[in-house]
Amino acid sequence: MIGTVAQRGRWLAGLLLLASALLVPLGTGVGSVGLENLWPALWGDGTDPAARAMAWQIVWDIRLPRTLGAWCAGALLGLAGAVAQGLFRNPLADPYLLGSASGASLGVATALALMGGGAGMVGSAGGSAAAMVFSGHWLVRLGLTGAAFAGAVLAVLLTLALARGVQHTLRLLLAGVIVGVVLGAFTSLILLLSPDSLQAMQAFLLGSTGFVGWTSCVLMAGVWLLCVVAAWALSRVLDGLALGESTAHSLGLPLAPLRAALVAVLALATGTAVAQTGLIAFVGLAAPHLVRAVVKVPHGRLMGLASLMGAVLLAGADLLARGLIAPQELPVGVLTAVLGGGYLLWLMHRRTGPGGVL
Amino acid sequence: MKPTPVRRILWVVAIVVALGLLMAALARAQSLPTPPIVNGPPALAVQMTDDRGRVITLPRPPQRIVSLLPSLTETVCALDQCHRLVGVDRYSNWPETVTRLPQVGGGLDPNIEAIVALRPDVVLMATSSRALARLESLGVAVVALEPRSHADVQRVIGKLGQVLAVPDAQRVWRHIDAAVEAAAQSVPPAARGVRVYFEVNRGPYGAGASSFIGETLTRLGARNILPASLGPFPKLNPEFVVRADPDLIMVGARSMEGLTERPGWSNMRAVREQRLCVFPPEEADVLVRPGPRMAEGARIMARCLASKAAGNAGNAGKAGNAAKAPVAVRP
Amino acid sequence: MTHAPEKIAICANGISASIGKHPILHGITLDVAAGRWTSIVGPNGAGKSTLLRALAGLLPCTGSVHLLGRPLAGWHRSDRARALSWLGQNEVAADDLLVYDVAMLGRLPHQPWLSPPSDADHDAVEQALRATRAWDWRQRALGQLSGGERQRVLLARALAVQAQVLLMDEPLANLDPPHQADWLLLVRELVAQGKTVVSVLHEVSFALQADDVAIIAAGRLRHHGAAQDAATHRALEHVFDDRIAIHAVEGQWLAMPRLLPRREPASH
């Protein structure tokens, strides 16, 4: 009988890996130009070398890292969601709870304002002034991705400082909400001072996998490996916490340092994903629920499975975003909400009994 | 019995690390070969510094250009190089021929793949965009230019002339300059010194004296209620406008909705006396683009000054379309 | 009540504790004998749960607590977890875990980090689940069970620790009479094995089934003695304002409500 649950877990993992393996080649076929156009350019004999090089570049340098990047970002978000829900013992928790979303937005707004709005804020016209602002400023050298990551991590640190440590879950939650709101207000202020950044900001907020190249991809994959191993090692704390704080304490779990480590994993995973792809909603929230709807596992397995589920969700949504109204693109955040939310709605509708979380 | 998870984890780690190394190695191996030099007259390399301070070197004047900023599109066409454009953003709509070109997304969220598929020699775009870094990492030459003021427009025209290897690009500027001067002459003396409020966008965002719109207004002899110290496009408290009591209000049809319902605005002198110039969307597009059509824009504003500032009670302008997204400041 | 020192499982020396700014316990000194079942009773709000938490080291308090002869603060975390098992009230949010996995969590103190459960762990879990008659539905999710079934699973979790000392706060919550009887027999068995059980029970009749009774009222220890003693019975009746009467029925002590018109409580 025990074998059933473990077996289901393995089936689910296998299914998700298979789906991932399918999505990757599919991802190379979807985009502004159909694969049927690219194929002859890639393999045909009579193509001129420039066209072939361009076709290869599209498939290899653009579509493949984009699909893999979506997979990695989804994996990071799914993992972060599972950690957040375990840490706060709340099925509605998502990875952005500790203020990382607002922190990243603030970082991006600041970077945009300094890069583009130099003339605006100073009030003087003239390209030379703007050029001086840009090449000199360290934030510009950091780039938008660096600024987003730094913002996310700093926001989480601020939340921790406000909550005075990780001991009290409720205080941590409240601090996260406060930090989110306050940093959001600062972001609005900066956008007011340099309204030119408004559209760029909106593009960031909607989330997009369009700018993910190989470096971003490998970076995300590396961070994901680190985080998933760390989360798996720390998963027994989450299991213990599910029984209540006093029980976890009585079981001899060193709550404070391990919770701090989990918050660090959460911040790292969320910050990396947000820095590369912007704010993509719902993946972190939905992935653990989707896994639990299929198989009920303790947190050790949940980390890996939620990662895979999030990865497949985002990679699939990215594929649809590119393919539905090709050559135009839908924002990927819309599709993750539709896919993840739709499935959750169906689940809720199906379960009339008191079983499960929903 | 349950297998040791440690071994399984090691397997997974090994596979993922192997995949990662493979990806990294292949990423390094791939690169776009340089386009072959066509036999013909010896190509002159083009070198210029863009608005980021970056020096761009192209082996020869670009023949395939993608433009992601409407004002840059218009400038390219004003330099008679429209035929070299192979792709534009979705907001570029002048001249007519440009609308038939493939559209590769917005200025700030362009479709990277579509741009690369067009095999451009150079991409023209604004400075603040993530797409810039991505395109450069793919080996595409990018020139970032961002005109904001009259001086900027002149500079950008010069730089584009350098990129396109067009002699005497400044004739475009001279034409703009002359047209603005002529427009200034056409403004009747009674309209000089009129205090104007130009609203660019719902917000409300106004055009300050240091913006290109403000500079044109200044040259036309009008005064701006927004001092230069507020910046080029400040977001205002509507009450500020009421207190400043402008003689004339210029606004686009899209932002016109709800204007008179703002508290205190229905009693403003300019509103009561119908001293409002409401520009239809085509004219609004012309006015908010810092490019070659600034000449046309100056004429539009001069017409407005001549008809309204002199005290003629005209109608409030043609009715605008159903409001779409508010006109961006520098689309 | 005094015992020889090596016979004391837990002792509290003058502990005072507050929740927020409100003082709950005022200088309680209590020796819990080893190998016996001690029951803590008292009126609502007397501080029984707080006392139990202080004994388990879950609450900061002034004064000292000694576990098996050593100060609680001196115990290493995992040693303490193996020696002391805690069952709390109303804490669980683990609706998605399977019954088997929940019981297995009780073995955490015995498992080295990152290692899978050993045979000994599986045996302990099976034993605990059978003892609480939860073995048959070990593959069901906790959220699908009724209140009483869930309580039995949590009890199994506490048993799986196989600790020397068990502290249980309202262990009979939601249990129906047959399972309450099961629990009683279970505790008697544990005591027979030499373990120490301390329970907070608000059902006085069940509390009287224990070996010793400690009576707490208004944060102070009123009485500590054998459950059979008449002195204990009188103290119990007194602390509940004489609204109960303790009678012997078929060899067991029963607390029955005394349905008299209400009179003013005597001053303490």
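Which residues of helix α4 (residues 130–137) of chain B are buried?

**View 1. Helix α4 of chain B and the residue that follows.** In this predicted model, the buried residues of helix α4 of chain B are Arg130(B), Ala131(B), Leu132(B), Arg134(B) and Leu135(B). An α-helix has 3.6 residues a turn, so residues three or four places apart point the same way. After α4(B) comes Gly139(B), whose phi is positive, near 90°.

**View 2. The largest nonpolar core.** This core holds 292 residues, and those that touch the most other members are Leu76(A), Leu79(A), Leu314(A) and Ala103(C). Helix α3 (residues 49–88) of chain A gives the largest share of the core, 22 residues. Because domain 1 (42–167) and domain 2 (189–318) of chain B both contribute residues, the core lies between these two domains. In soluble globular proteins, nonpolar side chains tend to be buried together.

**View 3. The surroundings of Ala103(C).** When its neighbours within four places in sequence are left aside, Ala103(C) is in contact with Val125(C), Ala128(C), Leu129(C), Val153(C), Ala156(C), Arg157(C) and Ala160(C).

View 4. Chain C contains eight helices and 12 strands, and its C-alpha trace spans about 60 × 40 × 35 Å along the principal axes. A compact globule of 268 residues would have a radius of gyration near 18 Å, and chain C, with 19 Å, agrees with this. Of the 268 residues of chain C, 44% count as buried. Among the contacts in chain C with a separation of 6 or more, 65% are made by residues 24 or more positions apart.

Definitions and conventions. Residues numbered from 1 in each chain as written. Chains lettered and ligands numbered in written order. Predicted model: local features only at pLDDT ≥ 70, side-chain atom pairs only at ≥ 80, totals over all residues. Helix = DSSP H or I, 4+ residues; strand = E, 2+ residues; numbered from the N terminus. Rg over C-alpha atoms; globule rule 2.2 N^0.38 Å. Buried ≥ 20, exposed ≤ 12 C-beta atoms within 10 Å, placed from the backbone. Contact = placed C-beta atoms within 7 Å. Core = buried A, V, L, I, M, F, W, Y, C linked by C-beta atoms within 7 Å. Domains from an automatic or database assignment.
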